Amino acid sequence: MRRYFYSHIINLDSLIFAIGEMEISQEEKDKLEQLAHEQLHSTIIDVILNELTERDKKIFLANLNYESQETIWKHLNQKADKIGEKITQAAVDLKKVLHHEISETLKN
């Protein structure tokens with residue numbers, strides 16, 4: 001799986017394990033894992049963009065395009081207050097929702 005600039009503070013291991021416990025094909029498990037990663041990425045980008053000015057959004061997106069983790073974090077830490085904490089909290093919230101959805105699926 002691709003590594004993102006936030007991979008060092010966020011992981012989906014518990015979700016991947018839960019998906020692995022589902023009685024579905026490996027192809028379906030792989031698709032669910034991919035969807036979880038995509039949802040996490042989308043959620044984190046949304047959190048970040050909500051914290052930045054229009055100018056800083058453009059800088060962030062340019063940095064993101066070049067995949068320079070050091071540059072991304074330097075910019076975010078300068079422009080968005082407690083962004084690491086906000087990213088972490090958004091990920092925790094999303095994982096709770098996804099775990100709940102998996103639990104509900106397993107009950108049925």
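Predicted model: local features only at pLDDT ≥ 70, side-chain atom pairs only at ≥ 80, totals over all residues.

Reader: Which other residue has a positive phi although it is not a glycine?

Author: Lys82, with a phi of about 50°. Lys82 sits in the loop between H4 and H5.

Reader: Is Lys82 buried or exposed?

Author: Exposed, because its relative accessible area is 51% and the cut-off for exposed is over 50%.

Reader: Back up a bit. How many helices and strands in the chain?

Author: Five helices and zero strands. From the N terminus on, the order is α-α-α-α-α.

Reader: What does the C-alpha trace span?

Author: About 45 × 25 × 20 Å along its principal axes. The chain has 108 residues, and 35% of them count as buried. Take contacts between residues at least 6 apart in sequence: 68% of those join residues at least 24 apart.

Reader: Now H3. How many residues, and how far does it reach?

Author: H3 covers residues 54-66, so 13 residues. From first C-alpha to last it reaches 19 Å, close to the 18 Å expected at 1.5 Å a residue.

Reader: Which residues are buried in H3?

Author: Asp56, Phe60, Asn63 and Leu64. They lie on the same side of H3, because they cover an arc of only 100° around the axis.

Reader: And what is exposed on the other side of H3?

Author: Glu54, Arg55, Lys58, Asn65 and Tyr66.

Reader: What covers the buried residues of H3?

Author: The cover includes helix H2 (26-51) and helix H4 (69-79).

Reader: Tell me about Phe60. What does it touch?

Author: Leaving out residues up to four places away in sequence, Phe60 touches Phe5, Ile45, Ile48, Leu49, Leu52, Ile72, His75 and Leu76. It also belongs to the largest nonpolar core, which has 27 residues. Phe5, Tyr6, Ile48, Phe60 and Leu76 touch the most other members there.

Reader: Which elements give two or more residues to this core?

Author: Helix H1 (13-20), H2, H3, H4 and H5. H5 gives the most, with six residues.

Reader: Why do nonpolar side chains end up together?

Author: In soluble globular proteins, they tend to be buried together.

Reader: On to H2. What span should its 26 residues have?

Author: At 1.5 Å a residue, 38 Å. The end C-alpha atoms are 38 Å apart, which agrees.

Reader: Which residues of H2 are buried?

Author: Lys29, Glu33, Ala36, His37, Leu40, Thr43, Ile44, Ile45, Val47 and Ile48. They pack against H1, H3, H4 and H5.

Reader: Switching to charges. How many salt bridges in the whole structure?

Author: Three. One joins the side chains of Lys86 and Glu51, at 2.8 Å from N to O. That pair links distant parts of the chain, with Lys86 in helix H5 and Glu51 in helix H2, 35 residues apart.

Reader: What else is Glu51 in contact with?

Author: Beyond its neighbours within four places in sequence, its contacts are Lys79, Ala80, Ile83 and Lys86. Glu51 is partly exposed, at 31% relative accessibility.

Reader: And the salt bridge of Glu54?

Author: Glu54 pairs with Lys57, at 3.1 Å from N to O. Both lie in H3, three residues apart, about one turn of the helix.

Reader: What does Arg55 pair with?

Author: Asp56, with the closest N and O atoms 3.9 Å apart. Arg55 is exposed, with a relative accessible area of 60%, whereas Asp56 counts as buried at 7%.

Reader: Which residue is buried yet has no salt bridge?

Author: Lys95. The nearest side chain of opposite charge is Asp13, 8.4 Å away. Lys95 is in helix H5 (residues 83-107).

Reader: So what is Lys95 in contact with?

Author: Asn11, Leu12 and Leu15, leaving aside its neighbours within four places in sequence.

Reader: Last one, Gln89. Where is it?

Author: Also in helix H5. Gln89 is partly exposed, with a relative accessible area of 42%.

Key: Residues numbered from 1 in each chain as written. Heavy atoms only, no water. Helix = DSSP H or I, 4+ residues; strand = E, 2+ residues; numbered from the N terminus. Buried < 20%, exposed > 50% of the residue type's maximum accessible area, 1.4 Å probe, protein only. Lys, Arg positive; Asp, Glu negative; His and termini not counted. Salt bridge = Lys/Arg side-chain N within 4 Å of Asp/Glu carboxyl O. Contact = heavy atoms within 4.5 Å. Expected span 1.5 Å × (residues − 1). Arc of directions from axis to C-beta. Core = buried A, V, L, I, M, F, W, Y, C linked by side-chain atoms within 4.5 Å.
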